[in-house]
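Please have the sequence and the structure open while reading.

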Amino acid sequence: MPVKQIHLAAQLPSVQHTVIWSDPHAGSQIAFDSFARLARTAERGKFDFFFLSEGLRLREHKGRVHDLDVAGRPEALTVLGALSAVTTHIGLAATVNSTFNEPYDVARRVATLDHLSGGRAAWNVVTSYDAFTGENFRRGGFLDEADRYTRAAEFLHTAQELWDSWRPGDFRADAASGEFIRAGAGRFAHRGQHFDISGRFSTPPGPQGRPVIIQAGDSAEGREFAAADADVIFSRHSDLASGRAAYRDVKARLAKYGRAPEDLKIIPSVSYVLGDTPAEAAERAEEVARAQVGPETALMLMEAAWGRDLSGYDPDGPLPDVDPVPESVVTKGHNLYRSRGRDETVRHWRKIAEEGGLSIRELITEVTARPTFVGTPRQVADAMNEFVQSDAADGFVFSPNVVPGGLDELVDRVVPLLQEMGVHRAEYTGGTLRDHLGLRPARHHHSEETP
Amino acid sequence: MTHLHLAVALDGAGWHPAAWREPDARPAEILTARYWADLVTEAERGLLDFVTFEDTLGLQTSAFHLPDDRTDHVRGRLDAVLLSAALAPLTSHIGLVPTTNVTHTEPFHLAIGIASLDHASLGRAGWRPQITSRAADAAHFGRRTTPQLTDEDVRDSELIAARLRELFDEAHEVVEVVRRLWDSWEDDAEIRDAQTGRYLDRDKVHHIDFVGAHFSVRGPSITPRPPQGQPVVAVLAHAGTPYELAAAGADVVFVTPQSRADAVTRLGEFEQARQRSGRPAGDPIRAFADLVVFLDDEPGRAAGRKHRLDELDGSVFGSDAAVFTGTPGELADLLLEWQGTGLDGFRLRPGTLPHDLAAITGGLVPELQRRGAFRTAYGADTLRGLLGLPRPANRHARAGAAGAVR
């Protein structure tokens, strides 16, 4: 069996506490140069794509804007539009919320990015239901949590109908005949539960036809949504055992949608720390963790889990002896505990702390700041490869700890090893992101070849 | 002599509907970055203040108020904000001013999009908010309806403005919200204080708590204050209601005089709107006149070219702005004559691309420079700087300095 190729992606990390803004080499989180530097570094490493997250409300803690982590970021599609001018091959992936947008607007903006980049656009479809974020939008936070995936799926399908509303050859620009478009190009009508729209779509599809679709939810609904419609899923499983289980589960869902296992790439979000020796790498990992989880951050994350003020507790002391306050939300716009639930998170944390005799800060470091790959470049390359060859993933999206230089070591020291091993491309072989991901050309529902 | 300001309005293959059929046109490329990059770098070679990009949330049509089924005009376009962003790294001085719809979009998204363009261009972003004039576009969103203009309405700008009054009122709120979001971060909000572990000074990031007649927005923005503080807001206005929108919220107003005398009239009407708005007299607004231009060095040739295009299209091209045909020297005469009415500059709409853009940069600009009426080098790196507009203090910083925080 041939070895699998590793699909590499990178993001410019933003509002997580794992971004070390105090590092002497840390640069701006908003200046375009930072984005260009990181995207070009990833392109130098022949990565599949560069990715930007989204958050449409500044986080708040105990009723005030959260001030310990990086805050503030640009609108993803706009920055990626600018990056299309300073990169040539790497895919450009934007997170765009399906709750606080409309299909017509998103479809035309993503299609525009696909044109500007020559076929390198991807859209990470995320959902939101919280009224907290909704307060920034004229439409408000109206959505039931139960509806968010039905709306997201219909939103995506509607966008795809809009991309398909221009058939191949509809854009003519034929000066000799005087025909600019074919009659009826871009005409669409969608009638559904969430959207009832019709008219003419303003933007012919870009080189990819349908841009690459990414899905990031790990719930059963999220996995099902990905199996039905996505090309890439960001998973959260960065250990081998749970990675393999999730991989099997997601890939098994594809067949009922008439899709093959290779049609959906599973890419966990990961981090790394290198050293010249294993001991040096471990030492650096400890330094990184100390910088990521300062005493204030440790207490803040504890308060978020406990749902109450814990400012009287010593971050270097034991866990609070008081009980959490159920249903109390002291931190808004932060989803650290969503996957596991509040009670389960607290039980889990107490258990880890008791077993290890950990302080608050040590516990938070243990549960939120453990890099996925720690070791020498050779160790990291081998571990990445094992992860992929043993079907725990198809690749990784790297989130560096420092902006904008945090990807340099990976690209300079690990990527060449992966290339030597024959599991990562030495040069780009295609022009579009679909090419990089090894995806077949987008299905076109109105294809004229259909009998 | 006071230098005049020059901008170019880019759209499709030029403003004449048959422009795309000219031998030098590149109609098959209008959806590529390269096509627009060539045009904007040419405009920057001509030292122009800024370029604008048209946009609509519907396919282009030849009627102001209705969709059409024509297949012989340019159809299909890119999102103007993303297009502007893609051009930012390829240019270094010229302003980039996308048009966006404000009727069917979210003010929050508009604010962070333009702020991000300003960050990506290092302070060269502008924004032209535009209401929906085509009721059919509302069906693309399915969330509301907007007034359907009649054939009679569209013959008179005042009738259009009256019929769309509520959309203009809403646009006032959109501009206000966007401006407040741009100011919701003070310039020095990011502190990176390792001693206390704080990245942000939370006292310098503000909820905007806007509650209007049409919507409410809590804030703050997710995007730090843009380099210009407030990117340049430009409004195209043909009548009293849009004059009020421009007077209340814009830094630049585009007007459409048909003659020198008409420029006097329109600037007078705009000045009245400005006084009604209560905007302080010292708060500058730059007034630009829009002109569609067909330019050739040989006298009479431009008119002949337009005539030939009209015949190809089967109708005589007219526009909301005056249409000029002539030599670059004749246009320079006209601009300087009109400048005396109080206009700060002109937004020229090239009849065909790239021909009329090249005639502006290669003919008109040198002519104006010879007469001492146009810059010979860029003197600023931001769009506000090029337009002679100061970088505004943040409203919260001002309030704080006065001892009262809003």
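Two residues are taken to be in contact if their C-beta atoms, placed from the backbone, lie within 7 Å. With that cut-off in mind, and remembering that this is a predicted model, one can say that what covers the buried residues of α8(A) includes β14 (272-274), α11 (360-368) and β16 (373-375) of chain A. The buried residues in question are Ala281(A), Ala285(A), Val288(A), Ala289(A) and Gln292(A). Viewed down the axis of α8(A), they fall within an arc of 100°, so they line one face of the helix. An α-helix has 3.6 residues a turn, so residues three or four places apart point the same way. The exposed residues Ala279(A) and Glu287(A) sit on the face of α8(A) turned away from its buried side.

| Helix | Residues | Expected span | C-alpha end-to-end distance |
|---|---|---|---|
| α5(B), 165-182 | 18 residues | 26 Å | 26 Å |

In α5(B), the buried residues include Val174(B), Val178(B) and Trp182(B), and the buried residues of this helix pack against α3 (107-120), β4 (126-130), β7 (210-211), β8 (216-217), β9 (232-236) and α6 (240-249) of chain B.

Turning to chain A as a whole, it has 14 helices and 17 strands, and 52% of its 451 residues count as buried. Its radius of gyration is 23 Å, which agrees with the value near 22 Å that a compact globule of 451 residues would have, while its C-alpha atoms fill a box of roughly 80 × 50 × 45 Å along the principal axes.

Key. Residues are numbered from 1 along each chain as its sequence is written. Chains are lettered from A and ligands numbered from 1 in the order in which they are written. This is a predicted model: local features need pLDDT of at least 70, side-chain atom pairs count only at pLDDT 80 or more; totals for chains, interfaces and linings use all residues. A residue is buried if 20 or more other C-beta atoms lie within 10 Å of its own, exposed if 12 or fewer, and partly exposed in between; C-beta atoms are placed from the backbone. Helices (H or I, at least four residues) and strands (E, at least two) are DSSP runs, numbered from the N terminus. The arc is that of the directions from the helix axis to the C-beta atoms. The expected span of a helix is 1.5 Å times one less than its number of residues. The radius of gyration is taken over C-alpha atoms; the globule rule is 2.2 Å times the number of residues to the power 0.38.
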